[in-house]
Amino acid sequence: MIVVFDGQCLLCNGWVQFLLRHDRRGRFRFASIQGEAGGRMLADAGLRVEGLQTLLLVDGDRSWQHTDAILRVLHGLGWPWRLAWAAWLIPRPLRDGLYRWLARNRYHWFGRSAQCMVPDPQVAARFLD
């Protein structure tokens, strides 16, 4: 599975670092929206980089956005992160509304980097570009 993220967003980079620490099985790979592979996956999902307010999870021909993507990723990490699956009980419009509010304000609250993160050599192979 591939997590497509905003490589300039410090919150998004923190999410990727969290996944790298807790994905013991190495299930997830990563592509920034600023890279060629990430941009292509966004286009395939009908999304544009400009004004993007979602994380994208891609698994073969299927993709998920917003809280659906986050909950699937957390479920994929195994125990205890799998407990987040209980958030499915919260109606999607409420979950995704909160997610979009956070996404709209992510640069203001968490900051923005002028350049995409450079992965450590031991995990660089998990990044598509």
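Guide: We will go through strands, salt bridges and a surface patch.
Guide: This is a predicted model: local features need pLDDT of at least 70, side-chain atom pairs count only at pLDDT 80 or more, and totals for chains, interfaces and linings use all residues. Residues are numbered from 1 along each chain as its sequence is written, and side-chain values use heavy atoms, with hydrogens and water left out.

Visitor: Which strands pair with β3?
Guide: Strands (E, at least two residues) and helices (H or I, at least four) are DSSP runs, numbered from the N terminus. Two strands pair if DSSP finds at least two bridges between them. Here β1 (residues 2-5) pairs with β3 (residues 56-59) in the antiparallel sense, over 3 bridges. V3 stands opposite L57. β3 also pairs with β4 (residues 62-65), again antiparallel, over 4 bridges. There, D59 faces R62.

Visitor: Which residue takes a positive phi in the hairpin of β3 and β4?
Guide: Look at G60, with a phi near 65 degrees. The hairpin has 2 residues between its strands.

Visitor: How many salt bridges are there?
Guide: Side chains of opposite charge can pair when their charged atoms come close. The rule asks for a side-chain nitrogen of Lys or Arg within 4 Å of a carboxyl oxygen of Asp or Glu. The count is 5. One of them joins R106 and D6, with the closest N and O atoms 3.0 Å apart. This pair links distant parts of the chain: R106 lies in helix α5 and D6 in the loop between β1 and α1, 100 residues apart.

Visitor: Are R106 and D6 buried or exposed?
Guide: Buried means under 20% relative accessible area, exposed over 50%, and partly exposed in between (1.4 Å probe, protein chains only). R106 and D6 are both buried.

Visitor: Where do E36 and R40 sit?
Guide: They are in helix α2 (residues 36-44). E36 counts as exposed because its relative accessibility is 63%. R40, at 45%, is partly exposed.

Visitor: Which helix gives the most to the nonpolar patch?
Guide: Helix α4 does, with 3 residues. Patches are made of residues with over 30% relative accessible area and no salt bridge; like charges are joined within 9 Å, nonpolar side chains (Val, Leu, Ile, Met, Phe, Trp, Tyr) within 5 Å. This surface patch includes L10, W101 and F110.

Notes:
Accessible areas come from the Shrake-Rupley method with a 1.4 Å probe; for residues, only the protein chains shown count as cover.
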